[in-house]
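Please read it beside the sequence and the coordinates.

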Amino acid sequence: GIKQSTWEEVKYYGPNATPEQNVFGVCHIYASWNDTFVHVTDTSGRETIVKVTGGMKVKADRDESSPYAAMLAAQDVVVRCKECGINALHIKLRATGGVKTKAPGPGAQVALRSLARAGMKIGRIEDVTPTPTDS
């Protein structure tokens with residue numbers, strides 16, 4: 001038999017940075033009372049790297065916004081971020097806003113905590129809840 005050399009080509013998606021450099025993404029956490037979105041983009045906000053919602057992690061509709069679902073979503077996000085070479089995140093936290101509540105939902109704190117616990121470095125944290133100018 002002819003011996004074939006089979007070597008797997010390793011795909012690497014991330015930037016050309018040394019492991020000790022911080023490569024930042026922006027994590028948009030949208031926590032309403034019905035769902036929690038954990039959405040990571042590049043720093044411009046133009047390219048989505050990964051988006052996981054609470055509803056993608058649990059089956060019951062009432063659990064979509066729960067802290068547990070937010071935790072699972074955040075953990076999934078971290079796994080994908082590490083694949084893409086992102087090891088630090090700026091946080092943009094958002095509640096429903098507008099004419100509705102300006103308090104973030106139950107998943108917000110847990111999502112942020114899970115990101116940090118899973119080994120992401122956290123940069124700046126900003127609240128981007130839309131606020132009407134006339135109230």
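Two strands pair if DSSP finds at least two bridges between them. Helices (H or I, at least four residues) and strands (E, at least two) are DSSP runs, numbered from the N terminus. In β5, Ile 122 is the bridge partner of Leu 89. The model is predicted, so local features need pLDDT of at least 70 and side-chain atom pairs count only at pLDDT 80 or more, while totals for chains, interfaces and linings use all residues. Residues are numbered from 1 along each chain as its sequence is written, and side-chain values use heavy atoms, with hydrogens and water left out.

**Strands and crossover**

- Strand β4 (residues 88-94) and strand β5 (residues 121-127) run parallel and are joined by five bridges.
- From β4 the chain passes through helix α2 (residues 107-117) to β5, and this β-α-β crossover is right-handed (with the strands pointing away from the viewer, the path from the first strand over the helix to the second runs clockwise).
- Strand β2 (residues 36-41) pairs with strand β3 (residues 48-53) in the antiparallel sense, over five bridges.
- Val 38 has Val 52 as its bridge partner in β3.
- The hairpin of β2 and β3 has six residues between the strands, and Gly 45 in this hairpin takes a positive phi near 85°.

**Cysteines**

- A disulfide is a pair of cysteine sulfur atoms within 2.5 Å, and by this rule the count is zero.
- Cys 84 is in no disulfide either, since the nearest cysteine sulfur, that of Cys 81, is 7.0 Å away.
- Relative accessible area sorts residues into buried (under 20%), exposed (over 50%) and partly exposed (in between), with a 1.4 Å probe and protein chains only.
- Cys 27 counts as buried because its relative accessibility is 0%, and Cys 84 counts as buried at 11%.

**Rings**

- Rings of Phe, Tyr and Trp (its six-membered ring) pair if their centres lie within 6.5 Å; planes under 30 degrees apart count as stacked, over 60 as edge-to-face and the rest as tilted.
- One aromatic pair is counted by this rule.
- The charged end of Arg 94 sits over the ring of Tyr 30, 4.4 Å from the ring centre (the rule asks for NZ of Lys or CZ of Arg within 6 Å of the centre and within 35 degrees of the ring normal).

**Asn 87**

- Asn 87 lies in the loop between α1 (67-83) and β4, and counts as buried because its relative accessibility is 16%.
- A polar contact is a pair of N or O atoms within 3.5 Å; within protein, one must be able to donate a hydrogen and the other to accept it, and residues adjacent in sequence count only if both atoms are side-chain atoms.
- The Asn 87 side chain reaches the backbone nitrogen of Val 23 at 2.7 Å and the backbone oxygen of Gln 21 at 3.0 Å.

- Thr 131 belongs to the segment after β5 and counts as exposed, at 53% relative accessibility.
- A polar atom of the Thr 131 side chain lies 3.2 Å from the backbone oxygen of Thr 129.
- Thr 131 and Gln 75 are 56 residues apart in sequence and 30 Å apart in space, C-alpha to C-alpha.
- Arg 117, in helix α2, is exposed, with a relative accessible area of 70%.
- Arg 117 and Pro 130 are 13 residues apart along the chain, and 28 Å separates their C-alpha atoms.
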